[in-house]
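Subject: Structure handover

Hello,

Here is the structure for you to take over. My notes on what was found in it follow below.

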Amino acid sequence: LVQRIEASGACIVAPEGAFDPAHHEAVGTADGPRDQVMAVVSHGLLDADGAVLRPARVVVGDGRDEGGV
């Protein structure tokens, strides 16, 4: 499957770092730095031009480890 995706010019994206609503879909929150990707539920897909075919589904930090509520 991965080879077919890459042969079509698309690429699989393994997100990390800051949450980006243009490329990520938040499916939950967890203790961690606010707006940082804490876990990947499913990888995203980009086409050959970099347009999002499927956003990565991620769990996002809620800021609790920063003294938040």
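Aspartate 62 is buried, at a relative accessible area of 15% (buried is under 20%, exposed over 50%, and partly exposed in between, with a 1.4 Å probe and protein chains only). Please keep in mind that this is a predicted model, in which local features need pLDDT of at least 70, side-chain atom pairs count only at pLDDT 80 or more, and totals for chains, interfaces and linings use all residues. Residues are numbered from 1 along each chain as its sequence is written, and side-chain values use heavy atoms, with hydrogens and water left out.

Surroundings of aspartate 62

Aspartate 62 sits in the segment that follows β6 (56–61). Strands are DSSP runs of E with at least two residues, helices are runs of H or I with at least four residues, and both are numbered from the N terminus. Leaving aside residues up to four places away in sequence, aspartate 62 touches Thr29, Ala30, Asp31, Gly32, Pro33 and Arg34 (contact means heavy atoms within 4.5 Å).

Salt bridges

The term here stands for a side-chain nitrogen of Lys or Arg within 4 Å of a carboxyl oxygen of Asp or Glu. The count by this rule is 3 salt bridges. Aspartate 62 and arginine 64 form one of them, with an N to O distance of 2.9 Å. Arginine 64 also meets aspartate 31 in a salt bridge, at 3.7 Å from N to O. That pair links distant parts of the chain, since arginine 64 lies in the segment after β6 and aspartate 31 in the loop between β2 and β3, 33 residues apart. Within it, aspartate 31 is exposed, with a relative accessible area of 53%, whereas aspartate 62 is buried.

Another salt bridge joins glutamate 25 to arginine 57, their closest N and O atoms being 3.7 Å apart. This pair, too, links distant parts of the chain: glutamate 25 is in strand β2 and arginine 57 in strand β6, 32 residues apart. Glutamate 25 is partly exposed at 37% relative accessible area, and arginine 57 is partly exposed at 35%.

Two strands are taken to pair if DSSP finds at least two bridges between them. An open sheet of 3 strands runs in the order β2-β6-β3, with mixed pairing. Its edge strands are β2 and β3, each of which pairs on one side only. From one strand to the next the twist averages 30 degrees (axes are lines fitted to C-alpha atoms, for helices over the stretch in contact, and angles run from 0 to 180 degrees between N-to-C directions).

Strand β2 (residues 24–30) pairs with β6 in the parallel sense over 6 bridges, and alanine 26 stands opposite valine 58 in β6. Strand β3 (residues 37–42) pairs with β6 in the antiparallel sense over 4 bridges. Valine 37 has valine 60 in β6 as its bridge partner, while serine 42 stands opposite arginine 57. Of the 6 residues of β6, 5 are buried, so this strand is largely enclosed by the rest of the structure.

The antiparallel sheet

A further open sheet of 3 strands has the order β1-β4-β5 and antiparallel pairing. At its edges stand β1 (11–13) and β5 (52–54), each with a single partner strand, so one side of each has no neighbour in the sheet. The twist here averages 40 degrees from one strand to the next. Strand β4 (residues 44–46) pairs with β5 over 2 bridges in the antiparallel sense, and leucine 45 has arginine 54 in β5 as its bridge partner.

Regards
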